[in-house]
Amino acid sequence: MIERKEMIYQLSNYGYSKATLEVMSTRELIQLSKKISKNRILEFLEMMPSEKQVEIISDNTSEYISKELENISHAIKEEIDFFTLYEAIEKIFAFYGMNEAVELVLSQVSEKYYKQITQIIELVYRYYQESLLEEIEELCREYPPEEQYEQMSIYSKKREDIAFLRDIIHTMKKNNNQSKFTKISQLKFEIIHDYFPDFLYENYEEYYEDEDKKNQIIERIMSLTNAYKKAVLKNKKIVVLRNIEAVLLKDKDRENEEKTLIKDYTKKFAEIVNSEDELAFSILLKEALDLLDERDVKKIIDNFDLSNNPILQQRYNILLRNHKPK
């Protein structure tokens, strides 16, 4: 468990004075760590914008784009070379957004292809967006799952801004920044998880309320019981749904166990009733009452006619009357 003084020391590395941190409550310290983790990445993204521009210019961007536009022109003949076309468009997206790419590509084709090529550009654009997000997710692979989900949620909401996504990748790969981001995310998670785990849900609600996970739990609950309507379950927090599922699974395990026990005791009572062993009957009856509900024991005994053996009937009545449920 991370001690309070260690938390203060770690947070002081991000420009906060120890004097200020010392007077903050534990809750405030944890909230501060959350704020740091969300803002720090954006701070890193603003690093070295001028350097990046110099790198692009030095790569002879115009010559590069001209070559890809030439490839596009050659790819669109009577029969379209889709592989070459897709590859060239994707390379253009490395420098331009959707609108600029459409203008550039359509400048190389005749009007009769405008609609088809525009659809292809959009398709490649969506694929390129996903490839950028996948690359970012790979760069975040060592984050705690909760932190990775939270960060990827931020990036996914910015998917239309591929320049932003490219900047993310560029910055994370530069100057060991990937390692720095990973340490920040791990520090935040460790502080909350080890020092004050009660705040886990509050800080990672989006992760715990993931719609796909929620639907999976709801489907499992529906397969276990008819007591709930799906609409009612959808309005419950995922932590509540997990508790419901856990109780239902426990009940199901207990039910299966009871079915096995009922079957076993039915067989044992059949042998003893036939043998008329009064002592063995009493011992088995006590054992059954300790393991099963009284209702289930009655159902077992109802399978047998004890009227022909008044002593067994009497022992059964006395033990049942004196039995105190746990």
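Trainee: Which helices each supply at least two residues of the lining of the second largest pocket?

Mentor: Those are α8 and α9. Helix α9 gives the most, with 6 residues. Keep in mind that we're looking at a predicted model.

Trainee: Which residues line that pocket?

Mentor: The lining is made up of E130, L133, E134, E137, P145, Q148, Y149, M152, S153, S156, R159 and Y207. The space in this second largest pocket comes to about 210 Å³.

Trainee: How many of the lining residues are nonpolar, polar and charged?

Mentor: There are 5 nonpolar, 3 polar and 4 charged residues. Glu and Arg count as charged, and the lining includes E130 and R159.

Trainee: Let's move to α8. What span would you expect for that helix, and what does it reach?

Mentor: Helix α8 covers residues 114-139, which is 26 residues. At 1.5 Å a residue you'd expect 38 Å, and the helix reaches 37 Å from its first C-alpha to its last, so the value is close to the expected one.

Trainee: Which residues of α8 are buried?

Mentor: Quite a list: I117, I120, I121, V124, Y125, Y128, Q129, L132, L133, I136 and L139. Their cover includes α6 (82-93), α7 (98-106), α9 (145-156), α10 (162-173) and α11 (177-195).

Trainee: Why does Y128 count as buried?

Mentor: Buried means under 20% relative accessible area. Y128 has 7% relative accessibility, so the residue falls under that cut-off and counts as buried. F93 has a relative accessible area of 0%, so F93 is buried too.

Trainee: And what about I169, buried or exposed?

Mentor: I169 sits in helix α10. Its relative accessible area is 7%, which is under 20%, so I169 is buried.

Trainee: Which residues is I169 in contact with, leaving aside its neighbours within four places in sequence?

Mentor: I169 is in contact with L132, E135, I136 and L139.

Trainee: Now the rings. How many aromatic pairs does the structure hold?

Mentor: It holds 6 aromatic pairs. One of them is F93 with Y128, which is stacked.

Trainee: What makes that pair stacked?

Mentor: Two numbers. The centres are 5.9 Å apart, and rings pair if their centres lie within 6.5 Å. The planes are 20 degrees apart, which is under 30, so the pair counts as stacked. F93 is in helix α6 and Y128 in helix α8, so the pair ties together parts 35 residues apart in sequence.

Trainee: Why is the pair of F269 and F281 called edge-to-face?

Mentor: Their ring centres are 5.7 Å apart and their planes meet at 70 degrees. That angle is over 60, so the pair is edge-to-face. This pair links helix α16 (residues 238-275), which holds F269, with helix α17 (residues 278-291), which holds F281. Both F269 and F281 are buried.

Trainee: Which residues do ring pairs link into a cluster?

Mentor: F93, Y125 and Y128.

Trainee: One last thing: how many helices and strands does the chain have?

Mentor: The chain has 19 helices and 0 strands. Of its 326 residues, 38% count as buried.

Methods:
Residues numbered from 1 in each chain as written. Predicted model: local features only at pLDDT ≥ 70, side-chain atom pairs only at ≥ 80, totals over all residues. Heavy atoms only, no water. Helix = DSSP H or I, 4+ residues; strand = E, 2+ residues; numbered from the N terminus. Buried < 20%, exposed > 50% of the residue type's maximum accessible area, 1.4 Å probe, protein only. Contact = heavy atoms within 4.5 Å. 1 Å grid on protein atoms, 1.4 Å probe; cavity = no way out; pocket = protein on both sides within 12 Å on 5 of 7 lines; lining within 4 Å. Points joined across faces, edges and corners; volume = space filled by probe spheres on them.
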